[in-house]
Number of protein chains: 2
Amino acid sequence: MDKEKKERLEAKGWKVGSAEELLGLTPEEAAYVELRLKLSEAVRQLRKERHLTQVQLAELLHSSQSRVAKVESADESVSLDLLVRTLLALGASAQDLATVISAPLARAIA
Amino acid sequence: MDKEKKERLEAKGWKVGSAEELLGLTPEEAAYVELRLKLSEAVRQLRKERHLTQVQLAELLHSSQSRVAKVESADESVSLDLLVRTLLALGASAQDLATVISAPLARAIA
DNA sequence: TTTCTTTATGTCAGATATGGTATACTGACG
DNA sequence: CGTCAGTATACCATATCTGACATAAAGAAA
């Protein structure tokens, strides 16, 4: 993705939960954004299943609570690497990742 | 992953193709390394299916041939982000990614 | 209300990834 | 042998990501 388009994405904040805000993106861009959203949702869901607070998950990751919050909101400062490593730290398997990636994006906005 | 372990990984070069070299890693670390290898293999395979050279793929990515080579060898300087964005640029879908991730790692070493 | 717990947001210095360039390697074809 | 297309490797300046910290906000329970 070139810089120009990246900036276009960042300008939108890509914290959106529905498909409408993805309009105007190329298929690759849309897929990339949706992937990030799916992973971030999975992090929150799995963390809650494990009955962990963001602080506890941060300790698992040797990171900080604020970064976990950003991970769960798919903040633009969070890489796919960190999203995936967070899921792995929560005990997710490769199969789990595949399931998350292929599953439809949950509606964040009611 | 903390720095210390990252360095341990990098020291190993993680360019390995079989499971033996993954000994000594925690399950998360092994999953992370295997994930990178699967994605890098998929890039090379998909690129060849598309009958593209590394130079042509680099143009698609607005990147350079050298970086594509590193992507395909899962070089330590390549992020998951770039691996995934490369696959998406090659036309891979979320389903394709899921398939790659859940598939077993091809034996690079005969 | 106040207090406590949890999560969100902003900032920044240091760490890591990136594209670009140069150069080297490899195999195929004369 | 030499030449060429394709790929691999090394390096660097710049861009981006990261953990840490501060602080705000939201929610629960008194």
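Me: How many residues does the contact take from chain B and from chain A, and what makes two residues count as in contact?

Reply: This is a predicted model, in which local features need pLDDT of at least 70 and side-chain atom pairs count only at pLDDT 80 or more, while totals for chains, interfaces and linings use all residues. Residues are numbered from 1 along each chain as its sequence is written, and chains are lettered from A and ligands numbered from 1 in the order in which they are written. Two residues are in contact if their C-beta atoms, placed from the backbone, lie within 7 Å. The contact takes 21 residues from chain B and 21 residues from chain A. On the side of chain B that touches chain A, helix 2, helix 5 and helix 6 of chain B give two or more residues each. That side divides into 12 nonpolar, five polar and four charged residues (Ala, Val, Leu, Ile, Met, Phe, Trp, Tyr, Cys and Pro count as nonpolar, Asp, Glu, Lys and Arg as charged, and the others, Gly among them, as polar).

Me: How do you know through which surface the copies meet?

Reply: Of the interface residues of chain B, 100% are also interface residues in chain A, so the copies meet through the same surface.

Me: What rotation superposes chain B on chain A, and how are the two copies related?

Reply: The superposition is by least squares on the C-alpha atoms of residues with pLDDT of at least 70 in both copies. A rotation of 180 degrees with 0.0 Å of shift along its axis superposes chain B on chain A, with an RMSD of 0.0 Å. The two copies are therefore related as by a two-fold rotation axis. Of the residues of chain B, Ala98(B) comes closest to the rotation axis, at 2.0 Å (C-alpha).

Me: How do you know that the span of helix 2 of chain B agrees with its number of residues?

Reply: Helices are DSSP runs (H or I, at least four residues), numbered from the N terminus. The expected span is 1.5 Å times one less than the number of residues. The 23 residues of helix 2 of chain B (residues 27-49) should therefore span 33 Å, and the end C-alpha atoms are 32 Å apart, which agrees. Helix 2 of chain B is followed by His51(B), whose phi is positive, near 55 degrees.

Me: Why is a residue of helix 2 of chain A called buried, and against what do the buried ones pack?

Reply: A residue is buried if 20 or more other C-beta atoms, placed from the backbone, lie within 10 Å of its own. In helix 2 of chain A the buried residues include Tyr32(A), Leu39(A) and Arg47(A). The buried residues of this helix pack against helix 3, helix 4, helix 5 and helix 6 of chain A together with helix 5 and helix 6 of chain B.

Me: What makes a nonpolar core, and which residues touch the most other members of the largest one?

Reply: A nonpolar core is a set of buried Ala, Val, Leu, Ile, Met, Phe, Trp, Tyr and Cys residues joined through C-beta atoms within 7 Å. Of the 49 residues in the largest nonpolar core, Leu87(A) and Leu87(B) touch the most other members. The largest share of this core, eight residues, comes from helix 2 of chain B.

Me: What makes a residue near a DNA strand, and which are closest to DNA strand C?

Reply: A residue is near a strand if its C-beta atom, placed from the backbone, lies within 6 Å of it. DNA strand C is surrounded by 21 residues, the closest being Thr53(A), Ser66(A), Ser66(B), Ser79(B) and Leu82(B). Helix 4 of chain A gives the largest share of that surface, five residues. For DNA strand D, helix 4 of chain B gives the most, with five residues.

Definitions and conventions
A residue is buried if 20 or more other C-beta atoms lie within 10 Å of its own, exposed if 12 or fewer, and partly exposed in between; C-beta atoms are placed from the backbone.
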